[in-house]
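Please open the model in a viewer and keep the sequence panel at hand.

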Amino acid sequence: MPEDVAVMGFDNWRVLTSASRPSLTSVDMNLEQVGRAAAHASFTAISGTRRSGVQTLPCRVVIRGSTVPLS
């Protein structure tokens with residue numbers, strides 16, 4: 001790896017990304033921000049404010065040794 005096979009993880013959990021050899025490229029979903037947004041939406045709904053639709057939040061790919069960076 002990464003010349004023949006690229007491997008990518010999900011969640012960007014440091015225990016897995018840092019302990020693997022080579023280090024694992026992963027998607028960081030920014031779960032702390034997702035949790036905050038979910039809590040805020042829950043409290044807003046409990047207070048009686050109606051809301052609909054989809055809320056999107058940013059995520060990112062953290063490139064490490066298990067993939068070759070795109071040029």
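Why does Arg60 count as partly exposed? Select Arg60: it counts as partly exposed because its relative accessibility is 49%, where buried means under 20% relative accessible area, exposed over 50%, and partly exposed in between (1.4 Å probe, protein chains only).

Before going further, note that this is a predicted model, in which local features need pLDDT of at least 70 and side-chain atom pairs count only at pLDDT 80 or more, while totals for chains, interfaces and linings use all residues. Residues are numbered from 1 along each chain as its sequence is written, and side-chain values use heavy atoms, with hydrogens and water left out.

Helices (H or I, at least four residues) and strands (E, at least two) are DSSP runs, numbered from the N terminus. Asp28 counts as buried because its relative accessible area is 17%.

Three strands form an open sheet in the order S1-S2-S3, with mixed pairing; two strands pair if DSSP finds at least two bridges between them. S1 and S3 are the edge strands, each pairing on one side only. From one strand to the next, the twist averages 25°, with axes being lines fitted to C-alpha atoms, for helices over the stretch in contact, and angles running from 0 to 180 degrees between N-to-C directions.

Strands of a sheet pair through backbone hydrogen bonds, either parallel or antiparallel. Select residues 8-10 for S1: three bridges join S1 to S2, and the two strands run parallel. Met8 has Thr25 as its bridge partner in S2, and Phe10 stands opposite Val27 in S2. Next, select residues 60-62 for S3, which pairs with S2 in the antiparallel sense over three bridges.

Which residues point each way from S2? Select residues 25-28: Thr25 and Val27 point one way, Ser26 and Asp28 point the other way, and all are buried. Follow the chain from S1 through helix H1 (residues 14-19) to S2, a β-α-β crossover that is right-handed; that is, with the strands pointing away from the viewer, the path from the first strand over the helix to the second runs clockwise.

Select Thr17, which is placed in helix H1. Thr17 counts as buried because its relative accessibility is 2%. Leaving aside neighbours within four places in sequence, Thr17 is in contact (heavy atoms within 4.5 Å) with Asn12, Ser23, Leu24, Ser26 and Arg64.

Most residues other than glycine have a negative phi, and most peptide bonds are trans. Select Asn12, in the loop between S1 and H1: Asn12 is not a glycine, yet its phi is positive, about 55°. Asn12 counts as buried because its relative accessibility is 13%.

Move to the loop between H1 and S2, where Pro22 lies. The peptide bond from Arg21 to Pro22 is cis, with omega near -5°.

Continue to Asn30, in the loop between S2 and H2. Asn30 likewise has a positive phi of about 55° although it is not a glycine. Asn30 counts as partly exposed because its relative accessibility is 28%.

Finally, select residues 31-46. Helix H2 has 16 residues and reaches 22 Å from its first C-alpha to its last, close to the 22 Å expected at 1.5 Å a residue; the expected span is 1.5 Å times one less than the number of residues.

Within H2, show the side chains of Glu32 and Arg36, which lie four residues apart, about one turn of the helix. Glu32 forms a salt bridge with Arg36, with the closest N and O atoms 2.4 Å apart. Both Glu32 and Arg36 are exposed. The structure holds two salt bridges. The tour ends at Gly48, which follows H2 and has a positive phi near 100°.

Conventions:
A salt bridge is a side-chain nitrogen of Lys or Arg within 4 Å of a carboxyl oxygen of Asp or Glu.
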